[in-house]
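Good morning, everyone. Please have the chain open on your screens while I talk.

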Amino acid sequence: MEYRPEIIIHITDKITEVLKPEMTVLEFDIDNSCRTCDVGSWCYSVRSNARNPNHKSRSVAKESIVKDRLKYVERIIEGLRASTYNQATVYSHAGKIARFIDFADSKGMSLSNDKDWIESVYSYYEHLVLSTRLADGTEGSLKERSASAELSSTKKALAWALELTDNEVSLKIPHIKEGKSESLPGDDLERNQFVQVLLAIFERFTDILINEKPFPFVLDLSHWGFGKHVFSRSSHLSKASYTKSFVNDDAGIVSREEVRGRYTDWRECVGVMSVYDNWIKRLDKTNSLNTDLQRKSLYNSATYCYYLAFIGIVGTNNGVTSALRLSSCEKSEPINCKAPRGYSFTGLKVRAGNKTVYPTMGKEFYQFHKKYEKLRQWGEIEFDLDVQRVGFFRISGIGKCAPLNKVSIDTLKEWLIGHLPNVKWHTPRELRKGVSWSFWNLSNGDINTVAWKLQNDVKTTLKSYSNPPKIAGLKELSTFMNEMWNEAIDSSRSAKYIPVQINNGLHKTPAGHCNANDLSQAKRSEGFTDSAPEPNCSRSETCFFCRHYVLHADEEDIHLITSLKVLLPYAQKRAANEASYAIKFAPILYRIDEILEELIKQFPAKKSLVDDAMNKVKQGDLSKHWQSHFDLLADLEAYS
């Protein structure tokens, strides 16, 4: 593997001609940093994924160049350069195309002629579809939305490579249908509590930094039911850490003498006291130096909290919020007669052609914003930053900062759930939807007011955030479906509890074991009504309702029944409607739970075996029978 000469072309450069596609590297400016995509490496069938800071290209096996592929890659390069999307989106498309070409090369597909390109993309389509059917959390599993996005970019690459229209490509390659369901308005109390908790954390951390208060300190969230938390650093320590025992619940430091008196073994005592002394030194540094790592991390956490709370109150999306110029804040009344009273900011909506938007907040929330302005100023002064035009930034070191992005939100989520595992996390989109629903209700259905708050046009607001004819009834629909689910279960049985035989079955079945001598003996167990599935030996999922069904208390049978328990909910995505799914599968899932409960009741020691089996199937290790049975039904769209 070796590096080849590079011809770097910036994505905005529409003049430079692509003379050697195999050497071309596209360059992008994203979030104030330079990103590159080695499109030239696509001309080789063998390339490395490793990055070298001295090279913008990937190393390749030069003898693996596929000369007949060059013209196709060149067309894709020109397609990317001609795109009207912003640089971040084009870079994302390029990454998805790269994954497709990696897939094709891993399968030995040459991509050297039109037919091979079409067959390769179709094979990739099948691969993506199978990935959506893997259990969540399994390696290689994809959500339908993600798979659809991957395929969409790949089909666009196919259109460029073969010089086809999008419609012509769609005739050759199917699309992946996203299983969309109408989202219910989130609970107002939960959403409001989440924003209040974010603001409480923000205020406490800001107070520690601006007023130079010492570590350790207490973060009191008792008002929201999340207790008190002591911080001797910017993040919690594990329960196994000695350091955790050096601080009392009121954030007071335990004396050296008291810590020493806890240990009788001198060897352990020497080790612990060494940790204690180093911790005290580290604490002194944190409390005497405002640019210490712990205070920098505390600043970033406070900023992330305020940023997300800002979205939850103002209603702007991630892209707009991260690019706002907060110094342009002014009273909102002069901007638009329909604007809510308060304060507004000027921002650019990049995805909408740099359209100017005016996010607005009320006077009450503006009090928090003034505290954030002080926190920003503290960060600029203490870390020797130039005055930042961008409203929200994270600090990475002295004189170094960067805008917030998706990674910032992911970091906050990991930090917050790690400290407050019981808090219900809300994504920026969920918070933004909450704003739209709240304003819809407050304005008595005035969609223009909602659109103004979200800074969208009315059409986009209706499509993405509010569906006026449906929203009012969604919660009623949810209640109705819960009632229907329970009705499907209740109507299938005349007895609340129906026993099941454990062990001593005559022969194996895909559902466990059976005591019947022939197929004609299949019959419902006493306690099931005519609404329950009729036992049919050719349909294994109905065995659970048969009087001859037996479950063996061993790993094999438990694996069979838990595999079906995990797979059945996937049928809900393909059901013609929720009612159809409830009527057909609610009694089966309820019966499976009843059987497993009976197993654990008779053999308590088997609970660990059931738990292990559930973890196993959730990771994708399914019974071969149920996996193949499910795939067949899915392919035939039989869930209706």
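I will go from the whole chain to a helix pair, then to salt bridges, and end with some backbone details.

First, a caution: this is a predicted model.

Start with the overall picture. The chain has 640 residues, and 47% of them are buried. Its secondary structure comes to 20 helices and 15 strands. Now take the contacts between residues at least 6 apart in sequence. Of these, 60% join residues at least 24 apart. The accessible surface comes to about 32900 Å². Carbon and sulfur atoms account for 50% of that surface.

Now the helix pair. Two packed helices are described by the angle between their axes and the distance between the axes. Here the pair is H2, residues 87-106, and H4, residues 144-162. Their axes come within 8 Å and cross at roughly 85°. Angles of 65 to 115 degrees count as roughly perpendicular, so H2 is roughly perpendicular to H4.

Who meets whom? On the H2 side we have His93, Lys96, Ile97, Arg99 and Phe100. On the H4 side we have Ala149, Glu150, Ser153, Thr154, Ala157 and Trp160. By type, the residues of this contact divide into five nonpolar, three polar and three charged.

Look at lysine 96 in particular. Lysine 96 sits in helix H2. Is lysine 96 buried or exposed? Its relative accessibility is 14%, so lysine 96 counts as buried. Leaving out residues up to four places away in sequence, lysine 96 touches Ala149, Glu150, Ser153 and Thr154. Take serine 153 from that list. Lysine 96 and serine 153 are 57 residues apart along the chain, yet their C-alpha atoms are separated by 6.3 Å.

On to charges. Side chains of opposite charge can pair when their charged atoms come close. A search of the whole structure finds 28 salt bridges.

Arginine 4 with aspartate 38. The closest N and O atoms are 2.5 Å apart. This pair links distant parts of the chain. Arginine 4 belongs to the segment before strand S1, which covers 7-10. Aspartate 38 is in the loop between strand S3 (33-37) and helix H1 (70-82). The two partners are 34 residues apart. Arginine 4 has 5%, so arginine 4 is buried. Aspartate 38 has 2%, so aspartate 38 is buried as well.

Next, aspartate 105 with arginine 69. Here the closest N and O atoms are 2.7 Å apart. Again the pair links distant parts of the chain, with the partners 36 residues apart. Aspartate 105 is in helix H2, and arginine 69 is in the loop between S3 and H1. Both aspartate 105 and arginine 69 are buried.

Then lysine 156 with aspartate 166. Their side chains meet in a salt bridge at 3.0 Å, N to O. Lysine 156 is in helix H4, and aspartate 166 is in helix H5, residues 166-172. They are ten residues apart. Lysine 156 has 31% relative accessibility, so lysine 156 counts as partly exposed. Aspartate 166, at 43%, also counts as partly exposed.

Some salt bridges share partners. Which residues do they join into one network? The members are Arg47, Arg58, Arg69, Asp102 and Asp105.

Last topic, the backbone. Most residues other than glycine have a negative phi, and most peptide bonds are trans. Here are some exceptions to look up.

Go to phenylalanine 215 and proline 216. The peptide bond between them is cis, with omega near -5°. Proline 216 lies in the loop between helix H6 (188-210) and strand S4 (217-220).

Next, alanine 251. Phi is positive here, near 75°. Alanine 251 sits in the loop between strand S5 (228-231) and helix H7 (256-260). With a relative accessible area of 12%, alanine 251 is buried.

Finally, aspartate 384. Phi is positive again, near 55°. The residue is in the loop between helix H11 (363-382) and strand S10 (393-397). Where alanine 251 is buried, aspartate 384 counts as exposed, at 57% relative accessibility.

That is my tour. Thank you.

How values were computed. Residues are numbered from 1 along each chain as its sequence is written. This is a predicted model: local features need pLDDT of at least 70, side-chain atom pairs count only at pLDDT 80 or more; totals for chains, interfaces and linings use all residues. Side-chain values use heavy atoms; hydrogens and water are left out. Helices (H or I, at least four residues) and strands (E, at least two) are DSSP runs, numbered from the N terminus. Buried means under 20% relative accessible area, exposed over 50%, partly exposed in between (1.4 Å probe, protein chains only). Contact means heavy atoms within 4.5 Å. Accessible areas come from the Shrake-Rupley method with a 1.4 Å probe; for residues, only the protein chains shown count as cover. Axes are lines fitted to C-alpha atoms, for helices over the stretch in contact, and angles run from 0 to 180 degrees between N-to-C directions. Angles under 35 degrees count as roughly parallel, over 145 as roughly antiparallel, 65 to 115 as roughly perpendicular and the rest as oblique. Ala, Val, Leu, Ile, Met, Phe, Trp, Tyr, Cys and Pro count as nonpolar, Asp, Glu, Lys and Arg as charged, and the others, Gly among them, as polar. A salt bridge is a side-chain nitrogen of Lys or Arg within 4 Å of a carboxyl oxygen of Asp or Glu.
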